[in-house]
Amino acid sequence: MAFMPVKFNLQKRVKLAQGLWMIYWLSVIAGILLFGLGIFFKIELRKRSEMMDNNESHLVPNLLILVGSLACGLNAFGGKVCHDSLDPIKFAKWKPMLKPFLLLCCGFNALLLLTALLCFLMQFAVYLTLAEGLKNSIKFYKDTDTPGRCFMKRTLDMTQIEFRCCGNNNFRDWFEVQWISNRYLDMSNDLVKDRVLSNVEGKYLMDSVPFSCCNPGSPRPCIQHHLTNNSAHYDYDHRIEELNIWTRGCREALFYYFSSIMNSIGVLIIGTIILESVDMAGLKYLTTALETMEDPENPECESDGWLLEKGVKETMGELFAKMKTLGKTNQVVEGEDAPEG
């Protein structure tokens, strides 16, 4: 017995074909969105590449561009089939392609599911890449004269301003590195010399942050130097004072930004999978309803549509039997090709 059978007359077949045509073109729009988001995500990763130590993975955006292109092509084809389905002459040329097309759609849905899973699972890799990349970016901030790092300062400053963040984990990360180049240090000054000599690694460390850490919304002029020295500023206590610099780390800010993009894309892909599943089910009903018409020359006659020609159990049994037969055939072919001993 067929699985989920439905009786169709001419009116139902016309409504099904029209509804499917609309859903297919909605799926084309979803494909365009996926393609556009793939390009957008790829551009964003390229823009923040220095913040990720140039180790970012482009697997997800590349897959999005691929599935977006496939979605547009497959759903445009499905829409055309639905448009021609009620004309027996036009439908006849599409009929032999429908079974391979439905199998291709099943494979495409599997690819969509894989892409959605990667959108959620790859976020941890993005987090780790950001942690390492930002750590190195802060370390190389001062190297404005070093080839390959000339724009690191500008990139990091713009990132801190745009994402309202400071440092990797927080603003204290700047206390652990020398972020002012020796070129701008007066080594004849005793205070500078003492600070450099007092450090084991010979670095000029200070409790200060770059200007890009300043919060312009603070009513007090930005205190970016001697942040932990209360006596250096009037009416100031760094332990209880709400600092007028960004307190959130850039790793958290950038990860939130990228994870929001990836979560949104994942949800859109899940929506696309649902649309594709509806398309496949509807097309199966439409094709079976057209094939089982009692009198093909009489469009008013009734017909039966179904999702599976047999029950789920029987269909799965037949599928496994075919797979076993195919496996045995491959073993026989390999045995015949083996050289005689």
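Me: Where in H3 does a kink lie, and what is the bend at a residue anyway?

Reply: The kink lies at Met97, shortly before the proline Pro100, and is about 45°. The bend is the angle between two axes, one fitted to the seven residues ending at that residue and one to the seven starting there. Keep in mind that this is a predicted model, where local features need pLDDT of at least 70 and side-chain atom pairs count only at pLDDT 80 or more, while totals for chains, interfaces and linings use all residues. Residues are numbered from 1 along each chain as its sequence is written, and side-chain values use heavy atoms, leaving out hydrogens and water.

Me: Why is Ser49 called buried?

Reply: Buried means under 20% relative accessible area, exposed means over 50%, and partly exposed is in between (1.4 Å probe, protein chains only). Ser49 has 9%, so Ser49 is buried.

Me: And what makes Tyr127 partly exposed?

Reply: Its relative accessibility is 30%, so Tyr127 counts as partly exposed.

Me: How do you know that Tyr127 and Phe255 are a pair, and why is the pair called edge-to-face?

Reply: Rings of Phe, Tyr and Trp (its six-membered ring) pair if their centres lie within 6.5 Å; planes under 30 degrees apart are stacked, over 60 edge-to-face, the rest tilted. Here the centres are 5.2 Å apart and the planes at 80°, so the pair is edge-to-face.

Me: What makes Arg149 sit over the ring of Phe140?

Reply: The rule wants NZ of Lys or CZ of Arg within 6 Å of the ring centre and within 35 degrees of the ring normal. The charged end of Arg149 is 3.7 Å from the centre of that ring and sits over it.

Technical notes
Helices (H or I, at least four residues) and strands (E, at least two) are DSSP runs, numbered from the N terminus.
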